[in-house]
Structures are given as C-alpha cells and as structure tokens.
Amino acid sequence: MPMKSTTVKAPRVKAYRRILITGASSGLGAALALAYAGPGVELFLGGRNLLRLERVAAAVREKGAFAFPHAVDVKDADRMRDWLGPISRARPFDLVIANAGVSGGTADSAESLAQIREILDVNVSGVIHTLHPVVDGMRAAGAGQIAIISSLAGFRGFPGAPAYCAGKAAVKVYGEALRPLLARNNIGVSVVCPGYIRTPMTDVNDFRMPLMMPADKAARIIHRGLARNRARIAFPLGLYMAVWLLAALPAWMTDRLLAVLPGKKNLPPTGENLP
Ligand SMILES: NC(=O)c1ccc[n+]([C@@H]2O[C@H](COP(=O)([O-])OP(=O)(O)OC[C@H]3O[C@@H](n4cnc5c(N)ncnc54)[C@H](OP(=O)(O)O)[C@@H]3O)[C@@H](O)[C@H]2O)c1
C-alpha cells in the first residue's frame, strides 16, 4: 500500500511572496501562477512562448500580483543562470516550482534519439538548470520551498513513454535526495507526482485517461501540499495506488498488462508548438 507522505521540519517561509515557476505559459504552470497570485506577490514566470506568458502575466496582475514573464529555454544552462542568478542574489526566492516539461512516446513509432534527448534535456537538465542558480540564495536565507514536478509515470517504466518515464523517475529521486540535504538549511523540498491533468500536454492523447482532473484542481492540491512541506504530493489517490502496486509487483506479473497499454504520440520536432 502507498505510505502516507511524511513531513520533516517545515520551512520557515509559509506566505510565499517571491515565486519562480518554469513552464508557466500554459497548463499546470499557468494554473499554479494563478493559484499563488495575490496582492504584493512577485511571480517570475518562465517559458519559451512570450505571447502565452504575457497572457498568464496579465491574469496574475489582475489578482494584484507583480508578474515578470521571461522567455527562456530551460535547456540553456547559461541563459537560465543569467536570468535567475541576479534575481536570486537581489533577494532569494521563497518558492521555486520546476515545472517545465515535454512529453512524447512510442504510439507513432519507436523513440528517435532526438526525441529521447529532448525529453531528458528539458525534463531532467531543465530542472537542474532551474534549481542550481537559486539554491545558494535560499541556503543563505535559511528558508524557502522547492517543488519538482515529476509524475506518477516516474514510479514505473511504461512502454508507451520510455524517455518520459525515465526523466520523471530521475527528478523524483533527485528531489528525494535533495530533501534531507536542504532540510539542514531549513529549505523544504517536495516532489510532485500528478496523474492525468487536462492541459495541452494531454489534449493530444487519444486514449482514455482515468481520473483526469482540471489544472486548477491539481494546482490547489499542490498548493496545499507545499504549504505542509509534504515530501511527496502524489494524486489522485486511486491512480497513485495503481502505479505503486504496478511498481511493487514482479515483471512476470505486469509485463503482459503493460505491453497493451496505449502510448503517447511522438514529441513534435523541437519548437513546433511555438508560433
Ligand atoms: N498534464 C499531465 O497529465 C501531467 C501529469 C503529470 C506530470 N505533468 C508534468 O507537469 C508539467 C507541466 O505540464 P503540463 O501538463 O502543464 O503541459 P503543458 O501545458 O504542455 O506545459 C508545459 C510547459 O512547459 C514549458 N516548456 C516546455 N519546454 C520548455 C523548454 N524547453 N524551456 C522552457 N519551458 C518549456 C511550456 O512552455 P513553452 O511552450 O512556452 O516553452 C509550458 O509552459 C510537466 O513537467 C509535465 O511533465 C503533467
């Protein structure tokens, strides 16, 4: 049975005032930006598509927050450092949500090397490029909260999306390792493992997605979990239990079931989703 998430020493900062969200131009990132927007809150919003980021920024400002959209590719370590380093040195972030991600799989054809590289570069290196420039500032402040957006797909390899599962497993384990390490500096680290959320990422899927939920509901669950510094924010419970069981069972019991599960479509060539 899945264990209830444990909590360790809660971080000092609870009312987050200075927040970084990557992948804020659509889907879950945009919903999180709105969930945290409020009078006086500063939201630093990353994504590649400035037009969509500006739309989210406008919605956030309507709720009284300050929004600072910035077009940057999380794969570019230098540009991420150039963006986040000075902001973090001026005043450290209270909350950092490493959310940007892409997904693709094997429904159309086997994964190309380009697809595998793109998924791992964005979903794994992108998370590290987000956290690396900001952690020292949080350490110096002795406060803050980090959220890494993984997935229930990170609990077990699924043949429909091998690179995606591998990347989400990598950042899940990375976050679990960071948590006790950064707790010494009073920084909370939560790994977020959602099931299906209705966003542009899942809009392209043509298979049944059990227990799918709207992005604003997912954002509320994450908001609550982060306020409690939950180690793992995994939801919805029914799907969490199913993947937990699949991961616990031996391969000879699960291989045949996994082989018939539907796959994600191939990732479009880089940049195709940009205007
Ligand atoms: N939807 C689900 O069912 C689900 C379930 C579990 C986990 N997740 C995870 O939740 C996160 C958000 O996904 P979503 O469902 O909200 O999908 P989405 O609507 O496609 O949003 C993905 C976001 O990531 C940004 N992004 C992608 N590549 C980027 C890059 N190279 N550099 C910077 N930003 C980049 C996109 O912005 P630009 O296009 O503007 O760059 C967009 O804002 C992802 O990590 C995803 O794996 C989603």
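This is a predicted model: local features need pLDDT of at least 70, side-chain atom pairs count only at pLDDT 80 or more; totals for chains, interfaces and linings use all residues.

Student: Are the side chains on the two faces of strand β4 buried or exposed?

Tutor: In a regular strand, side chains alternate between the two faces of the sheet. In β4 (residues 95-98), Leu95 and Ile97 lie on one side, while Val96 and Ala98 lie on the other. Both faces are covered, and these four residues are all buried.

Student: Through which helix does the chain cross from β4 to β5?

Tutor: Strand β5 (residues 145-149) pairs with β4 in the parallel sense over 4 bridges, and alanine 147 in β5 is the bridge partner of isoleucine 97. The β-α-β crossover that leads from β4 to β5 is right-handed, and the helix it passes through is α4 (residues 113-141).

Student: Is threonine 254 buried or exposed?

Tutor: Threonine 254 belongs to helix α9 (residues 251-259), and, leaving aside residues up to four places away in sequence, it touches Arg156, Leu246 and Leu249. Its relative accessibility is 1%, and because buried means under 20%, threonine 254 counts as buried.

Student: Turning to the charged pairs, with which residue does arginine 81 form a salt bridge?

Tutor: Side chains of opposite charge can pair when their charged atoms come close. Arginine 81 is partly exposed at 46% relative accessibility; the closest N and O atoms of the pair are 3.5 Å apart, and the partner is aspartate 78.

Student: How many residues apart in sequence are the parts that lysine 265 and aspartate 206 tie together?

Tutor: The side chains of lysine 265 and aspartate 206 meet in a salt bridge, at 3.1 Å from N to O. Lysine 265 lies in the segment after α9 and aspartate 206 in the loop between α6 (200-203) and β8 (213-214), so the parts that this pair ties together are separated in sequence by 59 residues.

Student: Which residues do salt bridges that share partners join into one network?

Tutor: The count of salt bridges comes to 11. Through shared partners, salt bridges join into one network the residues Arg18, Glu42 and Arg91.

Technical notes. Residues are numbered from 1 along each chain as its sequence is written. Side-chain values use heavy atoms; hydrogens and water are left out. Buried means under 20% relative accessible area, exposed over 50%, partly exposed in between (1.4 Å probe, protein chains only). Contact means heavy atoms within 4.5 Å. Two strands pair if DSSP finds at least two bridges between them. A crossover is right-handed if, with the strands pointing away from the viewer, the path from the first strand over the helix to the second runs clockwise. A salt bridge is a side-chain nitrogen of Lys or Arg within 4 Å of a carboxyl oxygen of Asp or Glu.
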